[in-house]
Amino acid sequence: MSSIPIFQENTEVVANRSIGPDLYWLDVHAPQIARTALPGQFVHLVVSDLSRDHRPAWMRHTPLLRRPFSVAERNEKEGTVGLIYRVVGGGTEILTERQTGARIDMLGPLGRPFEPITPGCPVVMAAGGVGVAAFFFLAHEAVYRNGANPLDIRVVFGAATAGLLGGEEKFRAMGIPVDLATDDGSRGHHGFVTVLLERLFRETPNRYRFVYVCGPTPMMRRCQTISQEADVPGQVSLEGIMPCGVGVCMACVVPCRPPDHPDVAPRYERVCHAGPVFDIREVAL
Ligand SMILES: Cc1cc2nc3c(=O)[nH]c(=O)nc-3n(C[C@H](O)[C@H](O)[C@H](O)COP(=O)(O)OP(=O)(O)OC[C@H]3O[C@@H](n4cnc5c(N)ncnc54)[C@H](O)[C@@H]3O)c2cc1C
Ligand code: FES
């Protein structure tokens, strides 16, 4: 885990807008988190709103637990943090109701960040669905802060359907090439994003030196195999269930093995504490 301090901020919603079917972009004013967050880190939100909640009293603390989301963007000058979220259940449904001016209790930045992109070292980012969130931040820091050439970054981004490829234009605006895939063929390659990654490594062998992966577990598992076969090191960012988010409850553990010793018995690591970013070779998905 990073040694960066963790803040608890009573943030104010700047904007919370739909960018696709059940897909939202949320901007909040959270100056301390905006100043300190690194790509790959996440924030933990209280989504219930006790002050403005019209539900019966017994329901107002539901959901009780915070919900984790990757930092997708930060603006240090404005003190804002951007998140992208997909509505999958009760907590994210309630989040859609938080309008401009509403307050959201936010803890962060949490977890271990990605290895930063070294200028001159071409990398691929492989994203599935909202797994793309942290890559907006990673790419932005690389291009605008570290001086990386956008053409040395390649994004392969897949989703179930075209409407769920929200935000992909942000990469293009930075000058980063993006290859898209959809399960239903409504945009880009008709099929899984993993096919694009495999093709990239096959058609341009030895070009890419590192791969960053985030998405559904089966997709990440396949990316592990592809990167191993292409001999490209990398990192995966996991999105497990995360009740406390700060290493206390032990509910988020995953089995890990040292990359160079795949045969030893696994040790269990807390995703919120040792991750969510892991070496692509060490985590057993
Ligand atoms: C480090 C981290 C970063 C994340 N970043 C993002 C992000 O940037 N954008 C985003 O949309 N989501 C992200 N998630 C997932 C997000 O936290 C969950 O989708 C959210 O907590 C669901 O809350 P809910 O109350 O709406 O759903 P719940 O009612 O809690 O669950 C609804 C359904 O979704 C499933 N589910 C819940 N949480 C997860 C999860 N973490 N992974 C897979 N399935 C889950 C449940 O099993 C259930 O089937 C992240 C998770 C982690 C751990
Ligand atoms: S979520 Fe509690 S230990 Fe990780």
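# Reading a predicted chain and its ligand

The chain has 6 helices and 16 strands, in a model that is predicted.

User: What makes the chain as compact as a globular protein of its length?

Analyst: The radius of gyration of the chain is 19 Å, and the globule rule gives 19 Å for 285 residues, so the chain is as compact as a globular protein of that length. Along the principal axes, the C-alpha atoms fill a box of roughly 60 × 45 × 35 Å. Of the contacts with a separation of 6 or more, 68% are between residues 24 or more positions apart. Buried residues make up 52% of the 285 residues, while the chain exposes about 13,100 Å², of which carbon and sulfur atoms supply 52%.

User: Which residues come nearest to ligand 1, and which elements supply at least two residues of the shell around it?

Analyst: There are 21 residues around ligand 1, and Arg67, Pro68, Ile84, Gly91 and Thr92 come nearest. Strand 4 (67-70), strand 6 (80-86) and helix 2 (90-95) each supply at least two residues of the shell, and strand 4 gives the largest share, with 4 residues. Sorted by class, the shell holds 12 nonpolar, 6 polar and 3 charged residues.

User: What makes the pair formed by Thr92 and ligand 1 a polar contact?

Analyst: A polar side-chain atom of Thr92 lies 2.4 Å from an oxygen atom of ligand 1, and a pair of N or O atoms within 3.5 Å counts as a polar contact, so this pair qualifies. The backbone also takes part in pairs of this kind: a backbone N or O atom of Gly91 lies 2.7 Å from an oxygen atom of ligand 1, and a polar backbone atom of Ser70 is 3.0 Å from a nitrogen atom of the ligand. On its own, ligand 1 has 880 Å² of accessible area, and the protein covers 72% of that.

User: Why is Arg66 called buried?

Analyst: The relative accessible area of Arg66 is 17%, and buried means under 20%, so Arg66 belongs to that class. Arg66 lies in the loop between strand 3 and strand 4. Leaving out residues up to four places away in sequence, Arg66 touches Gln8, His44, Leu45, Val46, Asp105, Met106, Leu107, Met242 and Pro243. The side chain of Arg66 makes a polar contact of 2.8 Å with the side chain of Asp105, and a polar atom of the Arg66 side chain lies 3.1 Å from the backbone oxygen of His44.

User: How do you know that Gly40 is buried, and which residues does Gly40 touch?

Analyst: Gly40 has a relative accessible area of 2%, and the limit for buried is under 20%, so the term applies. Gly40 sits in the loop between helix 1 (31-36) and strand 3 (42-45), and it touches Arg112, Pro113, Phe114, Ala134, Pro276 and Val277, not counting residues up to four places away in sequence. The C-alpha atoms of Gly40 and Pro113 are separated by 4.3 Å, although the two residues are 73 apart along the chain.

User: Why is Asp152 placed in the buried class?

Analyst: With a relative accessible area of 15%, Asp152 falls under the 20% limit and is therefore buried. Asp152 lies in the loop between helix 3 (133-145) and strand 9 (153-159). Beyond its neighbours within four places in sequence, Asp152 is in contact with Gly120, Cys121, Pro122, Val123 and Arg207.

Definitions and conventions
Residues are numbered from 1 along each chain as its sequence is written. Chains are lettered from A and ligands numbered from 1 in the order in which they are written. This is a predicted model: local features need pLDDT of at least 70, side-chain atom pairs count only at pLDDT 80 or more; totals for chains, interfaces and linings use all residues. Side-chain values use heavy atoms; hydrogens and water are left out. A residue is near a molecule or strand if one of its heavy atoms lies within 4 Å of it. A polar contact is a pair of N or O atoms within 3.5 Å; within protein, one must be able to donate a hydrogen and the other to accept it, and residues adjacent in sequence count only if both atoms are side-chain atoms. Accessible areas come from the Shrake-Rupley method with a 1.4 Å probe; for residues, only the protein chains shown count as cover. Ala, Val, Leu, Ile, Met, Phe, Trp, Tyr, Cys and Pro count as nonpolar, Asp, Glu, Lys and Arg as charged, and the others, Gly among them, as polar. The radius of gyration is taken over C-alpha atoms; the globule rule is 2.2 Å times the number of residues to the power 0.38. Buried means under 20% relative accessible area, exposed over 50%, partly exposed in between (1.4 Å probe, protein chains only). Contact means heavy atoms within 4.5 Å.
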